[in-house]
Amino acid sequence: RIRNLPLTSEFNGGVIGSTLAKKVIETTEVTGTTLLRLINEEIRRKYHELGITNYRQNKALTFAGFLSHVLADPEKLEFTSVGDIFIAADGKIIAGKKAKIAIHAANERKRYIENTGDIEGSYQHIVPEIKKQYQYQNTIGHRFSYSVIDGTETLVEGIELGTIQTPSHLLIYSDGYETPDEFSIEGLERKLKQVYQEDPYRYKTYPATGYLKDDRTALEIILDNWNSFEVEEVNPQDIRH
């Protein structure tokens, strides 16, 4: 049984990469580095089709994205994760981590506001840091290096792989959320409300690159019956905080 909280903002150019990844996932049951290699190959084919030839030199042109993927049967669950899409199994986070450059940018904004009191100008202050992030993706040896799926070779250091006994409950959520006290869609939304009550401009306890609510999505999977399949769309406005 799956409970789904869909994206709450418009798609951007990343939809191309995610559509290609979905295509690969739907046609294979491989996991791990093999899955990532197949997705990267599919993205490279799209670059060729679109005439994008210098994507390795200019990574701002890439269709870069993160992924958390699970393949489960009643006995075991295999997970593959790159980036800040988190997987929690039975209330414990097993995969997902924020890039160091993202944490750095948020802390730079925090320091700027503390020094100047300028909340409205704080995002523009860190735009140069945000623009630099492309050069660090799948780049070996820099302190801000991070792994990404972009048609090049995904940096091994940031790939999280594992096999666990199949849990009874899974929660997969994007970085628009903070770590909840209760691992459910309702728990994610309650935590987000708490975050904005305590730190509405997101530079004190919960520093972020901006204070507007980010786009977010969550998928809650309750593995209670392997003989039936149900999907429930959850509207954030319907969740009681």
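Reply: Happy to! A polar contact here is a pair of N or O atoms within 3.5 Å; within protein, one atom must be able to donate a hydrogen and the other to accept it. Please keep in mind that this is a predicted model.

Let's start from Ser147. A polar atom of its side chain lies 3.0 Å from the backbone nitrogen of Gly158, and the Ser147 side chain also reaches the backbone oxygen of Leu155, at 2.5 Å. Ser147 itself sits in the loop between α4 (122-132) and β6 (159-165). With a relative accessibility of 5%, Ser147 is under the 20% limit and therefore counts as buried. Leaving out residues up to four places away in sequence, Ser147 touches Phe66, Val82, Asn138, Thr154, Leu155, Glu157, Gly158 and Ile159.

Two of those neighbours lead us to a sheet. Ile159 belongs to β6 (159-165), and Val82 belongs to β3 (residues 76-82). Both strands are part of an open sheet of three strands, ordered β2-β3-β6 and paired antiparallel. Since β2 (67-72) and β6 stand at the edges with a single partner strand each, one side of each has no neighbour in the sheet. On average, neighbouring strands of this sheet are turned by 10 degrees against each other, direction ignored. Between β2 and β3 there are six bridges, and these two strands run antiparallel. As one example, Leu71 has Glu78 in β3 as its bridge partner.

Now for the aromatic rings. The whole structure holds seven aromatic pairs. In one of them, Phe86 and Tyr173 have ring centres 5.4 Å apart and planes at 20 degrees, which is under 30 degrees, so the pair is stacked. This pair links distant parts of the chain: Phe86 is in β4 (residues 86-89) and Tyr173 in β7 (residues 169-173), 87 residues apart. Phe86 counts as buried because its relative accessibility is 13%, and Tyr173 is buried too, at 2%. Tyr173 also pairs with Tyr177, this time edge-to-face, at 6.4 Å centre to centre with 80 degrees between the planes. Both of these tyrosines are buried.

Ring pairs join Tyr47, Tyr55 and Phe63 into a cluster, while Lys213 lies over the face of Tyr196, 5.5 Å from the ring centre.

Key:
Residues are numbered from 1 along each chain as its sequence is written. This is a predicted model: local features need pLDDT of at least 70, side-chain atom pairs count only at pLDDT 80 or more; totals for chains, interfaces and linings use all residues. Side-chain values use heavy atoms; hydrogens and water are left out. Helices (H or I, at least four residues) and strands (E, at least two) are DSSP runs, numbered from the N terminus. Buried means under 20% relative accessible area, exposed over 50%, partly exposed in between (1.4 Å probe, protein chains only). Contact means heavy atoms within 4.5 Å. Rings of Phe, Tyr and Trp (its six-membered ring) pair if their centres lie within 6.5 Å; planes under 30 degrees apart count as stacked, over 60 as edge-to-face and the rest as tilted. A charge sits over a ring if NZ of Lys or CZ of Arg is within 6 Å of the ring centre and within 35 degrees of the ring normal. Two strands pair if DSSP finds at least two bridges between them. Axes are lines fitted to C-alpha atoms, for helices over the stretch in contact, and angles run from 0 to 180 degrees between N-to-C directions.
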